[in-house]
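Hello,

Here is the structure I promised to pass on. Have a look, and then read on for what turned up.

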Amino acid sequence: MRRLTIIVTLLAVCAVLCAAPSLSTLFPSFTEEQIQSLKEGTVFEAITSDGQRISSIAPRSSQGMSLAVKADRMYDGFSVSSVKFIPYPESFINLPQSEREVYLFNLLRRISTQKGLMYISHLAGEKPTVLFKDAYMISNPDKTSSKIPDPVSTEVPSSYNCYAFQKDNRFGSNVYSLKYTIKEGDFLMEINNYTAMKYMGFSCVDKGALHMYLEVLETEEGFVLFTNAMIFGREPEVTVLFITVDLPSAFLRRTTALANWFEEQVNAQ
């Protein structure tokens, strides 16, 4: 009887995963070698200021592809993007489909777990450095003291809006508006700067000019993470006190850290 139960459970899991798209379906322009490379951990990147197209690495028919098309058409600003693959941990595979949706929704709102998140800093000599010295949800975007716990839900809505505070290693203290859009296994987290971002006290990204995204897609093989950042009305490089800041590199490092954060969280369960 126990063996029969295990077989039924495995068949149910297989049926759910088979209903999800495959990597070859999401990336029809990728060669077999590129698909295999993606599975083995290679991260594919694209930067519009380098003449690359974001749509070349965006998952087909996803929310991310719609963003990529918009990014490729930017004429005043620049965009950076990356895509990576994460195998499903056993703990996730064992969850019923309804619980997976709730699990992912709650995980993506654990903003407080971004405190202490590391990234590779150029100024630190390409060494790991703390990116966010603090991070938490707030109830009022005009009051950084309105700290609230990370929300936990038992159901998944089609969209959700909230605010977060982060103390950035390079860009100082900032408030962000967060928007989550969920469409059948396609989770999109959108991050906009509610406050102007400053570097060493000098404004470098105007209020509302940053649009950063983390998309999580369920596939047959595992998670696909697509990240994107669009910065409007700003040249790729800014000079502050004789220091030239490469903004595409800076934000690509941040989206990479965001993807690593998700991977750490999902594998920690």
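How many bridges join β8 to strand β9? Seven of them do, and β8 and β9 (residues 186–193) run antiparallel. (Strands here are DSSP runs of E with at least two residues, helices are runs of H or I with at least four residues, and both are numbered from the N terminus; two strands pair if DSSP finds at least two bridges between them.)

Before going further, a word on the source: this is a predicted model, where local features need pLDDT of at least 70 and side-chain atom pairs count only at pLDDT 80 or more, while totals for chains, interfaces and linings use all residues. Residues are numbered from 1 along each chain as its sequence is written, and side-chain values use heavy atoms, leaving out hydrogens and water.

Back to the strands. Thr-181 faces Leu-188 in β9 as its opposite residue. The β8–β9 hairpin has three residues between its strands, and Glu-184 in the turn has a positive phi of about 50 degrees. β8 (residues 172–182) also pairs with β7 (residues 159–168), antiparallel over ten bridges. There, Asp-168 stands opposite Gly-172.

Best wishes
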